[in-house]
Amino acid sequence: MRKSNCLAMILAGGKGSRLGVLTKDQAKPGLLFGGKYRIIDFTLSNCRHSGIGTVGILTQYQPLELNWYVGNGSSWDLDNDTGGTFVLPPYTNGNGTNWYRGTADAIYQNLNFVDMIGDDYVLILSGDHIYSMDYSKMLDFHKKHQAKVTIGTIRVPWDEASRFGIMVADDNMRITKFQEKPKQPESNLASMGIYIFDRPVLERYLRADAKDETSEHDFGKNVIPAMLKDQIALYAYPFEGYWKDVGTIDSLWQANMDLLADEPPLDLSDPDWRIYAGNQSMPPHFIGPKGSVKSALIAEGAAILGQVSDSVIFYNVTIEEGARVTNSVIMPGTVVEAGAVVDKAIIGEDCTIHSGAVVHKKDGSVAVLGRHGEVTAAATSKGDA
Amino acid sequence: MGSEMMGLINLQDSQTLPELNEHRPLATVPMGGKFRLIDFTLSNMVNAGIGNVGILLSSQSRSVLDHIRSGKEWGLARKRDGLFYLPADVEDIIHPVEGDIHSFYKNLLFVKRGHSPYILATSCDLVQNIDYEEVLHFHRRHNADVTMIYTRAPKDKEKEGYVLEINDKDRITGINSKAEIQTGDNLYQRQILIDTEIYQHCVRRAYAKGYKDFITDVLKRNVDRLRIFGYNYEGYVKRVDSIQSYFETNMDFLDAHTWRDIFLQDQRHIYTKIKDEAPAKYMEESHVTNSLVANGCIIEGKVENSILFRKVRVGKNAVIRNSIIMQHSVVGADANLDYVVCDKNAVIQPEAELSGTREAPLCIGKCSVI
């Protein structure tokens, strides 16, 4: 089988600390999304559809579940004889295990892996973004411009530009200036945290960065500015489409709700760009004789005996008769018992919302319940639900 | 890990459903919203730890190969053992030989190479979630040569079948072909567990004598000589052999208990080819009750007592009642369907009115436009 000559390295160690209980015992890329997916499914499916042959996944924070989920990559069709999927935990050498100090350090510590694969191009990706993107087009762009480094960018609204790493580029898309979270942005071209490097350039700069004790070992903060200073050929690849970094509870909730639109900004059912996921082998879901569902996404294996509207329901969820779920995301294995009410909430895996309980925040914010959580009617009356 | 049983699934002796079988054998008839009929038998086997399965193919095997492929979804794509397709010889397709002895004999090598002490030989037309390991325990406990699986017939059936006479020690003393099954009869369910040695010996002898059918010519004739026992399976089981039983079996899944018993057993899932469809999407105007809905569906209309397979589209104000709509079919806006079985990729035009009855559901052919 033909090799793509481009190795993908996915940074999947993100702690996602602003997601609270949802990422208490797993890394952010493993977070459940959209009824049947985990966030890393999007990046892995993009790799598969872009013809990437070898994928390295760098894990760090709470890696067990992610390692188990990714396995040999077969769910994403990424298990093959010429490449395959490699989970890369922090490396142990004679000097002990070094925790990754930053995004650049994570790749630096795996340079021997990058060498071993030997592809001419290295694609650095983040495992916690939701988007569909053809990386082969970005690689073509990289080759066409004879770039040493290409940075994936997206146009953001001007008033939000100060939250991002901003690229200033000339008419040819060559980057002339980089501004990290600027107060006065000179452009609205934001970095997506996606990079294609020529391997020799990557290696040279990572080795130099590793020796620099003042560096934070971060691509955006240190490596890219150093390259720019040396007038390396850096280009900005303009990506157009839906792209979301779900960093907070609110943005996670909103990204799920986005899927309920009549014409959702991200098409999960595009036959030419399917989002693959670890398979759960569930039967079609069951809507009971008194069930009612409106404006919702419902995965297989769920049993809806009560009412659901404007919600995303994962596999294996049971909504009992007389229960009511609105504006919510209910993760796998959770049971909402008869007469319980859930509104504007994200309920984690294997929770039980007991009969008579009400999950809803009076201040209008999103209520969150971590894995194995329970809410009883008594707790509700005390008002801490 | 080697299992002590190997599986042999016979696709050659099943009935056909002319209403649905135009392009496929019974084994790959779509069932229960996302499955094919053979998924149940194949999954039951692998759930009992069977890692070596032979499939006796019938003449129409394209859809079987396309569905099962390497057997990966069932964990059967292995370096050792795994899945074996056992095709029929060309001459046997041109001049079909009556009975199963002939193809059992032609495929003795598969059994011999399997090195398992027991063979589980089944048909492919049963919908159930059975624990075959329990059958193996029963077989050993009785020191049986052959174990035949049966159920007590719940109601009178006009259909023929084998009825077993069984003594109080589970031993089978008689096997009778009956034209009409009565309530309480011990109805043979077309699955046997047999010692491999005895199987090989019996098949060889029967072939040499020109016998045709394993049940009548081997087991029935030797009911006194062989130790044949009956295992009473008490769980849900339905055999699909007509459009009526096909329709009924699908509708049985609309009972939440049956749906759970068949599909949501803790360790024993039913596997099928993975399609990676998105979760089903319900629009603002949708109204769905008492139905089974697979991933990939987009629903804008009304659905009642029905089964929607993967990637079905139901248009605005369409009404679907008591129907089975197979994968990739589109039901146009304002269409009205009652007791309809709609095969794959069919397109029902807006405002179409289609109806059948429970006894004779209206069948819409694959890829037709109505």
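Trainee: Which residue forms a salt bridge with K106(B), and how far apart are the closest N and O atoms?

Mentor: The partner is D92(B), and the closest N and O atoms are 3.9 Å apart. K106(B) sits in helix α4 (residues 101-106) of chain B and D92(B) in helix α3 of chain B, so the pair ties together parts that are 14 residues apart in sequence. A salt bridge here needs a side-chain nitrogen of Lys or Arg within 4 Å of a carboxyl oxygen of Asp or Glu. Side chains of opposite charge can pair when their charged atoms come close. Helices (H or I, at least four residues) and strands (E, at least two) are DSSP runs, counted from the N terminus.

Some ground rules come next. This is a predicted model, in which local features need pLDDT of at least 70 and side-chain atom pairs pLDDT 80 or more, while totals for chains, interfaces and linings use all residues. Residues are numbered from 1 along each chain as its sequence is written, chains are lettered from A and ligands numbered from 1 in the order written, and side-chain values use heavy atoms, leaving out hydrogens and water.

Back to the pair. K106(B) is partly exposed at 38% relative accessibility. D92(B) is buried at 16%. The classes are set by relative accessible area: buried is under 20%, exposed is over 50%, and partly exposed lies in between (1.4 Å probe, protein chains only).

I93(B) is partly exposed, at 39% relative accessible area. V90(B), I93(B) and I94(B) make up a nonpolar surface patch with about 290 Å² of accessible area together. Patch members have over 30% relative accessible area and no salt bridge; like charges are joined within 9 Å, and nonpolar side chains (Val, Leu, Ile, Met, Phe, Trp, Tyr) within 5 Å. The areas come from the Shrake-Rupley method with a 1.4 Å probe, and for residues only the protein chains shown count as cover.

How does this pair compare with others? The structure holds 36 salt bridges over all chains. One of them joins K177(A) to E186(A), with the closest N and O atoms 2.5 Å apart. K177(A) is partly exposed at 34%, and E186(A) is partly exposed at 45%. In chain A, R38(A), E65(A), E349(A) and R371(A) are linked in a network of salt bridges.

Another pair links two strands. R321(B) bridges to E304(B), with the closest N and O atoms 3.3 Å apart. R321(B) lies in β21 (residues 319-321) of chain B and E304(B) in β18 (residues 302-304) of chain B, so the pair ties together parts that are 17 residues apart in sequence. R321(B) is partly exposed at 29%. E304(B) is partly exposed at 21%. E304(B) also stands opposite R321(B) in the sheet pairing. β18(B) and β21(B) pair in the parallel sense over three bridges. Pairing requires at least two DSSP bridges between two strands.

These strands belong to an open sheet of five, in the order β15-β18-β21-β24-β27 (chain B), with parallel pairing. Its edge strands are β15 (287-289) and β27 (353-355) of chain B, each pairing on one side only. Neighbouring strands of this sheet are turned by 5 degrees against each other on average, direction ignored.

Eleven strands form it, open and with mixed pairing, in the order β29(A)-β26(A)-β23(A)-β20(A)-β18(A)-β16(A)-β16(B)-β19(B)-β22(B)-β25(B)-β28(B). β29 (374-375) of chain A and β28 (362-364) of chain B stand at the edges with a single partner strand each, so one side of each is left without a neighbour in the sheet. Within it, two bridges join β16 (residues 285-287) of chain A to β18 (residues 303-304) of chain A, and these run parallel. I287(A) stands opposite I304(A) in β18(A). Helix α10 (residues 256-263) of chain B packs on this sheet, touching β16, β18 and β20 (318-319) of chain A and β16 (291-293) of chain B. Contact means heavy atoms within 4.5 Å. Axes are lines fitted to C-alpha atoms, for helices over the stretch in contact, and angles run from 0 to 180 degrees between N-to-C directions.
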